[in-house]
Amino acid sequence: MQEKTNVAKNYPCSLACVDMAVFKMVDALPLILLARKKDRIEWQLPGGFVDPDKDTNYETAAKRELIEECSINMEVDIVHNIGSFKIKDERYENDKDKVFSTLFVFKYIFGYPIALDDIEEVKWVPWIPSNFKKNNSIGSNTIRDCHRPLIAQLLRKYYEYAELI
């Protein structure tokens with residue numbers, strides 16, 4: 001029997017993640033869905049790790065993660081992939097492996113999000129770019145540090161897809 005080897009074990013590896021910005025319109029006001037994990041006070045975009053046993057691509061991973069974390073009863077469509085970004089996730093700060101996330105924009109169709117898996121709470125927040133630029137917070141709610149670059153990318157790309165939501 002041939003011994004299996006992990007040729008990457010001696011090299012830093014990328015930990016593949018997906019994060020999702022889900023938008024909906026209510027009375028001409030765009031809203032974005034945010035999630036708060038059970039062990040945190042900060043808010044973030046729903047997301048998680050790509051599962052090489054379940055996912056055939058990043059789009060499939062994004063849809064699966066959204067269902068697992070907050071949307072058994074919600075229908076969405078992918079609008080587009082914003083890009084991939086290195087994330088400074090404090091859980092891997094001293095690890096040789098680092099997190100890279102692919103950020104997707106989804107359009108809400110119907111249903112309602114509910115907190116599942118490791119999510120304590122989900123909520124729709126007005127997507128007013130000036131609100132997100134001020135101290136990277138939404139009212140009194142702070143955005144998790146490692147998700148601030150994702151929010152910044154959404155702010156840069158906002159006008160490119162605003163008409164789609």
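User: Helices (H or I, at least four residues) and strands (E, at least two) are DSSP runs, numbered from the N terminus. In what order do the elements of the protein chain run?
Analyst: Happy to start there, with the reminder that this is a predicted model. The secondary structure of the protein chain comprises three helices and eight strands. Read from the N terminus on, their order is β-β-β-α-β-β-β-α-β-β-α.

User: Which element gives the most residues to the largest nonpolar core?
Analyst: That core has 22 residues, and Ile32, Leu45, Trp127, Phe132, Ile151 and Leu154 have the most contacts inside it. Two or more residues come from each of strand 1 (14-26), strand 2 (29-37), strand 4 (73-87), strand 5 (98-112) and helix 3 (148-161). The top contributor, with four residues, is helix 3.

User: Beyond its neighbours within four places in sequence, which residues does Ile32 contact?
Analyst: Ile32 is one of the residues with the most contacts inside the largest core. With those neighbours left aside, its partners are Ala21, Val22, Phe23, Leu45, Lys123, Trp124, Val125, Trp127, Phe132 and Leu154.

User: How many residues are in the other core, the one that includes Val22 and Cys70?
Analyst: This core lies apart from the largest one. Ala35 and Val76 are also among its members. Its residue count is 16.

User: At the start of helix 1, the backbone nitrogen of which residue does a side-chain oxygen of Asn57 reach?
Analyst: The two atoms come to within 3.1 Å of each other. The cut-off for a polar contact is 3.5 Å. The nitrogen belongs to Glu59.

User: Strand 1 and strand 5 are joined by bridges, but do they run parallel or antiparallel?
Analyst: Ten bridges join these two strands, and Ala21 has Val105 as its bridge partner in strand 5. For contrast, strand 1 pairs with strand 3 in the antiparallel sense over three bridges, where Asp19 stands opposite Gly47. Strand 1 and strand 5 run parallel.

User: Which residue in the turn of the hairpin formed by strand 1 and strand 2 has a positive phi?
Analyst: These two strands run antiparallel and share four bridges, with Met25 opposite Pro30. Two residues lie between the strands. The one with a positive phi, of about 50°, is Asp27.

User: What kind of aromatic pair do Phe23 and Trp127 form?
Analyst: The structure holds three aromatic pairs. In this one, the centres are 5.4 Å apart and the planes 80°. Phe23 lies in strand 1 and Trp127 in the loop between strand 6 and helix 2 (129-133), 104 residues apart, and both are buried. The geometry is edge-to-face.

Terms used
Residues are numbered from 1 along each chain as its sequence is written. This is a predicted model: local features need pLDDT of at least 70, side-chain atom pairs count only at pLDDT 80 or more; totals for chains, interfaces and linings use all residues. Side-chain values use heavy atoms; hydrogens and water are left out. A nonpolar core is a set of buried Ala, Val, Leu, Ile, Met, Phe, Trp, Tyr and Cys residues joined through side-chain atoms within 4.5 Å. Buried means under 20% relative accessible area, exposed over 50%, partly exposed in between (1.4 Å probe, protein chains only). Contact means heavy atoms within 4.5 Å. A polar contact is a pair of N or O atoms within 3.5 Å; within protein, one must be able to donate a hydrogen and the other to accept it, and residues adjacent in sequence count only if both atoms are side-chain atoms. Two strands pair if DSSP finds at least two bridges between them. Rings of Phe, Tyr and Trp (its six-membered ring) pair if their centres lie within 6.5 Å; planes under 30 degrees apart count as stacked, over 60 as edge-to-face and the rest as tilted.
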